Amino acid sequence: MKRMLSGIKPTGQLTLGNYIGALRNFVKYQDDYEMFVFIANLHCITVYNEPEELRKNLKDCVALYLACGLDPKRSCIFLQSDVMEHAQLGFIMCCNTYLGELNRMTQFKDKQAKGEQGLTGGIYTYPALMSADILMYDADYVPVGEDQKQHVELCRDTAIRFNNRYGKSFNIPEPVVAKVGAKIMSLSDPTKKMSKSEQTNKGCIYLLDDLKSVRKKIMAAKTDDIAKVQYDPQQQPGISNLMTIISALTNQSFDDITKNFEGKGYGEFKKYVADIVCEELAMIQERYAEIINNNVIKEVLAEGKARAEKIASKKLDQIQRTIGIEIK
Ligand code: AQP
């Protein structure tokens with residue numbers, strides 16, 4: 001069975017973008033792949049998080065993994081920092097990644113271009129840690145949203161170079177980007193990605209938002225004055241984004257959605273989108289509440305840690321011998 005690995009960094013509450021672009025797909029893939037899904041808490045601390053809030057977000061992230069349908073019997077679910085080999089292989093990968101490569105990573109470049117203050121060494125080098133996360137498990141596939149594809153490509157380049165220098169050490173992974181929903185955009189500014197760290201909170205739907213406010217955000221989503229429900233991301237980014245959400249959640253084609261809303265107003269269309277999204281979130285929120293009440297999170301993480309650690313310790317040992325930093 002081919003191996004697949006991915007993770008989410010809960011620097012805030014998980015969003016509809018995380019769900020459509022990542023989480024929902026992990027759930028589908030666990031039937032066909034040996035699945036490893038981690039909570040990227042080391043990646044979280046590349047920016048400051050208030051510790052109490054971070055702890056809550058991490059716990060909610062595990063609960064949401066389960067609520068969305070990840071099954072700990074089929075998927076190995078673990079907390080990144082529980083498997084300490086990640087940080088150590090992360091440093092080794094950092095030493096095998098060139099400054100020029102890190103400088104080209106668009107996420108870091110964007111933050112710099114926006115003039116964000118207090119950028120840390122961690123946020124600059126995190127793609128090397130991400131390479132380690134993936135290579136540790138010799139993953140064949142890495143499902144990611146559009147914005148993370150570049151990091152998987154960097155991971156491939158680094159692994160190929162490492163293999164050429166030291167002999168075959170790592171499997172070369174491939175990114176898997178969903179055809180629909182790989183980049184859900186902000187509802188208030190559909191030219192920007194829906195991100196959990198969005199300042200205004202109006203454009204982002206969080207999976208644990210109360211459903212009234214979800215509906216309100218969708219009804220207020222930015223659209224245009226063309227007055228036609230059709231897929232045209234250039235001219236109608238807002239409507240196209242809402243169509244993408246519908247298509248991802250219901251499997252309807254863009255043509256079918258257009259036909260269903262021929263001659264109808266945006267108000268009616270938005271109400272439909274809100275109904276579909278609220279129905280999906282209601283199911284997730286119900287299961288989330290059960291999981292939180294059942295106190296299963298510790299047990300799931302302990303099982304995941306044990307399984308992941310076995311593979312990681314062997315891999316790190318192999319790599320350390322290969323590069324010559326072990327004496328025995
Ligand atoms: N809007 C999105 N549309 C589709 N996919 C998305 N993903 C995130 N946002 C969207 C995908 O979810 C996985 C986990 O991402 P992450 O939360 O670890 O990191 P991120 O992409 O940096 O998410 P944010 O919300 O934008 O974080 P902040 O605001 O903290 O910078 C990835 O596969 C990602 O592509």
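Tutor: Asp138 is found in the loop that links helix H7 (121-135) to strand S4 (141-143); helices (H or I, at least four residues) and strands (E, at least two) are DSSP runs, numbered from the N terminus. The model is predicted, with local features requiring pLDDT of at least 70 and side-chain atom pairs counted only at pLDDT 80 or more, while totals for chains, interfaces and linings use all residues. Residues are numbered from 1 along each chain as its sequence is written, and side-chain values use heavy atoms, with hydrogens and water left out.

Asp138 is not a glycine, yet its phi is positive, near 50°. Most residues other than glycine have a negative phi. Because its relative accessibility is 26%, Asp138 counts as partly exposed; the classes are buried, under 20% relative accessible area, exposed, over 50%, and partly exposed in between, with a 1.4 Å probe and protein chains only.

Asn251 likewise has a positive phi, of about 70°, although it is not a glycine. Asn251 sits in the loop between H10 and H11, just after H10. At 69% relative accessibility, Asn251 is classed as exposed.

H10 is mostly covered, with 12 of its 14 residues buried. Among these buried residues are Gly238, Asn241, Met243 and Leu249. Their cover includes helix H1 (16-29), helix H11 (254-260) and helix H12 (266-294), where contact means heavy atoms within 4.5 Å.

Of the 22 residues around the ligand, Asp147, Lys193, Ser195, Lys196 and Ser197 come nearest; to be near, a residue must have a heavy atom within 4 Å. A polar side-chain atom of Lys196 lies 2.4 Å from an oxygen atom of the ligand. For Asn18, an N or O atom of the side chain is 3.1 Å from a ligand oxygen atom. At Ile184 a polar backbone atom is 2.8 Å from a nitrogen atom of the ligand. The protein covers 94% of the 650 Å² of accessible area that the ligand has on its own, as computed by the Shrake-Rupley method with a 1.4 Å probe. Strand S1 (3-8) and H1 are the elements that give two or more residues to this shell.

A further site is His43, in helix H2 (residues 41-44). With a relative accessibility of 4%, His43 counts as buried. The side chains of His43 and Asp133 are joined by a polar contact of 2.7 Å, and the side chain of His43 also makes one of 3.4 Å with that of Gln80. A polar contact is a pair of N or O atoms within 3.5 Å; within protein, one must be able to donate a hydrogen and the other to accept it, and residues adjacent in sequence count only if both atoms are side-chain atoms. Leaving aside neighbours within four places in sequence, the residues in contact with His43 include Lys9, Tyr126, Leu129 and Met130.
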